[in-house]
Amino acid sequence: MTMPDRIDTAWIVLIGLALATLLLPPLLPRPLLANALVLILAAIKGRRIALDFLDLRAAPALWRGLVGAWIATLVLFAWLASAIVTLI
């Protein structure tokens with residue numbers, strides 16, 4: 001039996017994160033906390049996809065930083081939008 005390569009490992013981690021995204025939010029008492037958890041898991045999934053499937057691990061640090069900042073910005077705006085909707 002051979003060791004799984006990075007893509008296989010990333011795929012398994014992404015499936016685990018997807019299941020956590022589905023199963024954990026109903027267990028949390030507050031919607032804002034559940035939204036934050038879902039978005040954090042989405043950010044982790046986005047980063048894994050960018051690094052492993054788009055092969056940004058081999059890219060210059062500037063590109064990795066820009067893509068990471070883009071993912072963080074999207075998550076922040078999505079959380080702000082969900083917070084505004086929840087609080088209204």
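Colleague: Which residues are linked in a network of salt bridges?

Modeller: In this predicted model, the network links Arg48, Asp52 and Arg57, and the structure holds 2 salt bridges. Arg48 pairs with Asp52, their closest N and O atoms lying 3.1 Å apart, while the side chain of Arg57 meets that of Asp52 with 2.7 Å from N to O.

Colleague: How many residues apart are Arg48 and Asp52 in helix H2?

Modeller: The general idea comes first: an α-helix has 3.6 residues a turn, so residues three or four places apart point the same way. Here, Arg48 and Asp52 are 4 residues apart within helix H2, which is about one turn of the helix.

Colleague: Is Asp52 buried or exposed?

Modeller: The reading rests on a cut-off, since a residue counts as buried under 20% relative accessible area. Asp52 has 6% relative accessibility and therefore counts as buried, whereas Arg48, at 22%, counts as partly exposed, and Arg57, with a relative accessible area of 37%, is also partly exposed.

Colleague: Which residues of H2 are buried, and what covers them?

Modeller: Asp52 is one of the buried residues of H2, and among the others are Ala34, Leu39, Leu41, Lys45 and Leu51. Their cover includes helix H1, residues 6–23, and helix H3, residues 61–87.

Colleague: What does H2 reach from its first C-alpha to its last, and what follows H2?

Modeller: Helix H2 runs over residues 31–53, and its 23 residues reach 32 Å between the first and last C-alpha, close to the 33 Å expected at 1.5 Å a residue. After H2 comes Asp55, which has a positive phi, near 60°.

Methods. Residues are numbered from 1 along each chain as its sequence is written. This is a predicted model: local features need pLDDT of at least 70, side-chain atom pairs count only at pLDDT 80 or more; totals for chains, interfaces and linings use all residues. Side-chain values use heavy atoms; hydrogens and water are left out. Helices (H or I, at least four residues) and strands (E, at least two) are DSSP runs, numbered from the N terminus. The expected span of a helix is 1.5 Å times one less than its number of residues. Buried means under 20% relative accessible area, exposed over 50%, partly exposed in between (1.4 Å probe, protein chains only). Contact means heavy atoms within 4.5 Å. A salt bridge is a side-chain nitrogen of Lys or Arg within 4 Å of a carboxyl oxygen of Asp or Glu.
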